[in-house]
2 protein chains.
Amino acid sequence: MIKIAITDDHPIVIDGLLNALYDVSGIDVVATYNNGAALLKGLQEQPIDVLLLDLQLPDKNGAELVPIILNQYPDIHILILSGVESSSYIKEMIQKGCKGYLLKSNTDQPKLIAAIQEVYNGGVYLESAVKEQLLHEMLITKRKLDKINPKITQRELEILHLIMEELNNQEIADRLFISLRTVETHRYNLLQKLNAKNTTGMLRIARQMGIG
Amino acid sequence: MIKIAITDDHPIVIDGLLNALYDVSGIDVVATYNNGAALLKGLQEQPIDVLLLDLQLPDKNGAELVPIILNQYPDIHILILSGVESSSYIKEMIQKGCKGYLLKSNTDQPKLIAAIQEVYNGGVYLESAVKEQLLHEMLITKRKLDKINPKITQRELEILHLIMEELNNQEIADRLFISLRTVETHRYNLLQKLNAKNTTGMLRIARQMGIG
DNA sequence: TAAAAAATGAGTGGTAATACTTATGTATAG
DNA sequence: CTATACATAAGTATTACCACTCATTTTTTA
């Protein structure tokens, strides 16, 4: 018997989920909460296996809540049930330790049950639309910017790589047997070409272009 | 008519591909090469739409070859045909601008044709095994490092996020209604806790921990 | 081979970040 | 009720980085 808790601030969503999971063999919804505080309190007395968690809650959002929960109850399998299909959100949640990410918009009963069983058994559940989204994010990045992007020279690229390796200008100069001033010039030109305001921005853009 | 070139150092592979693509409507194999140099030379006189490229060539490997080709012929769609299913390879190749990655081990004629048509039409082709591999890679990262990780406070995390957004200390101070010196202190403590020597390193480590 | 692009490097000035230490109010947990 | 942790903030130096401009040499390409 998989013990489940539902947390969502919309009663309608909770009703829908209860309905979808009612009388399903092997699944038992033992609690529902409508905010983060209630959830954290409830977990103290009611142990669960799987948590269906909405990302947008009135008091705390999922990004804050998940680490707190997993820190105290590492064995709970968290299944995010969200309205937004944003790959950065999805990635963040999974990396924080959630076991799945469902979209409210297209999750029906069979999917929901499949997801619950999958995460309960130690797997990760992502529906195919979400998978596609992630892959797209991961792979596309580069070439579109590539056209717009002013071409970075070989030497500039080398310097970019060394900056990524956390070398400072002096260390880069020593490594490449060139003057500190030359490194500064290359670096300045990189900032211009990538239209970045500082090193952080430069590296972010570079990463988006697939460098690194 | 999609004009195709094949590059592989194994004649048997070339024969197999020729055979698979022979007499397929809309597809025309116009050249075959068995090393990188021959390919680069051939491209000068024989324009193509799609390149089937083996990663392991005797003279140059794919990682070197692809940027050279795409730099000179940005409109060629490169389809990697490799024996190794390594996600880092796959990612690297796609990010360098390749449009697809096929495994020699399980590519049959229909798959091959589908892939060629997909990339010719501007898409990216990855077979499902490869997709799964990539997703796995992408999502696993976090939790193992999570245990080791020194505890970063809520406020420090906030500041880390704002640094990632390319704000400087003054801007962060203004945003959080605190003093510049306080931001500097938090930032200093972050560098210590993450054991980083500069902002670049700090952000790299943070990313590895799944922050961002 | 001329023209363009890339790599090299310096001048000069300014701003931001890093490297510490010390300290205080405040919340929190034992 | 008292350690402990956290957020806050200042003092004092030093170093790194950013912002430009200009100039020379080398390499690439037309």
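Let's start at one end of a sheet: in chain B, strand β5 (residues 100-103) runs parallel to β6(B), and two bridges join them. Helices (H or I, at least four residues) and strands (E, at least two) are DSSP runs, numbered from the N terminus, and two strands pair if DSSP finds at least two bridges between them. Before going on, note that this is a predicted model: local features need pLDDT of at least 70 and side-chain atom pairs count only at pLDDT 80 or more, while totals for chains, interfaces and linings use all residues. Residues are numbered from 1 along each chain as its sequence is written, and chains are lettered from A and ligands numbered from 1 in the order in which they are written.

Which residues face each other between these two strands? B:Gly100 is opposite B:Tyr125 in β6(B), and B:Tyr101 has B:Leu126 of β6(B) as its bridge partner. Moving to the next pair, β4(B) and β5(B) are joined in the parallel sense by four bridges; here B:Leu81 is partnered by B:Leu102 in β5(B). Taken as a whole, the sheet in chain B is open and has six strands in the order β2-β1-β3-β4-β5-β6, with parallel pairing. Its edges are β2 (27-33) and β6 (125-126) of chain B, and each has a single partner strand, so one side of each lacks a neighbour in the sheet.

Touching means contact: the C-beta atoms of two residues, placed from the backbone, lie within 7 Å. Helix α5 (residues 109-120) of chain B lies across β1, β2, β3 (50-54), β4 (77-82), β5 and β6 of chain B, at about 150 degrees to β4(B).

Now look for B:Pro58, in the loop between β3 and α3 (62-72) of chain B. Is B:Pro58 buried or exposed? B:Pro58 is exposed, because 10 other C-beta atoms lie within 10 Å (20 or more would be buried, 12 or fewer is exposed, and in between is partly exposed, with C-beta atoms placed from the backbone). Leaving aside residues up to four places away in sequence, B:Pro58 touches B:Asp9 and B:Asn35. Between B:Pro58 and B:Ala37 there are 21 positions in sequence and 9.8 Å in space, C-alpha to C-alpha.

## Chain A

Chain A contains 11 helices and six strands. Of its 212 residues, 31% are buried. Among contacts in chain A with a separation of 6 or more, 62% are between residues 24 or more positions apart.

Chain A has an open sheet of six strands, ordered β2-β1-β3-β4-β5-β6 with parallel pairing. Its edge strands, β2 (27-33) and β6 (125-126) of chain A, each have a single partner strand, so one side of each has no neighbour in the sheet. Two bridges pair strand β5 (residues 100-103) of chain A with β6(A) in the parallel sense, and A:Tyr101 is opposite A:Leu126 in β6(A). Helix α1 (residues 11-21) of chain A lies across β1 (2-7), β2 and β3 (50-54) of chain A, at about 170 degrees to β2(A).

## Two crossing helices

At what angle do the axes of α8 and α10 of chain A cross? Helix α8 (residues 154-164) and helix α10 (residues 180-194) of chain A have axes that come within 10 Å and cross at roughly 95 degrees. That makes α8(A) roughly perpendicular to α10(A) (under 35 degrees counts as roughly parallel, over 145 as roughly antiparallel, 65 to 115 as roughly perpendicular and the rest as oblique). A:Arg155, A:Glu156, A:Ile159 and A:Leu160 of α8(A) make the contact with A:Val183, A:His186, A:Arg187, A:Asn189 and A:Leu190 of α10(A).

## Around the DNA

DNA strand C is surrounded by 22 residues, and the closest are A:Thr153, A:Arg155, A:Ile178, B:Asn168 and B:Asn169. A residue is near a strand or molecule if its C-beta atom, placed from the backbone, lies within 6 Å of it. α10(B) gives the most to this surface, five residues. By class, the surface near DNA strand C has three nonpolar, 12 polar and seven charged residues; Ala, Val, Leu, Ile, Met, Phe, Trp, Tyr, Cys and Pro count as nonpolar, Asp, Glu, Lys and Arg as charged, and the others, Gly among them, as polar.

Around DNA strand D there are 23 residues, of which B:Thr153, B:Arg155, B:Ile178, B:Ser179 and B:Thr182 come nearest. For DNA strand D, the largest share of the surface comes from α10(A), with five residues.

Methods. Axes fitted to C-alpha atoms, helices over the stretch in contact; angles between N-to-C directions.
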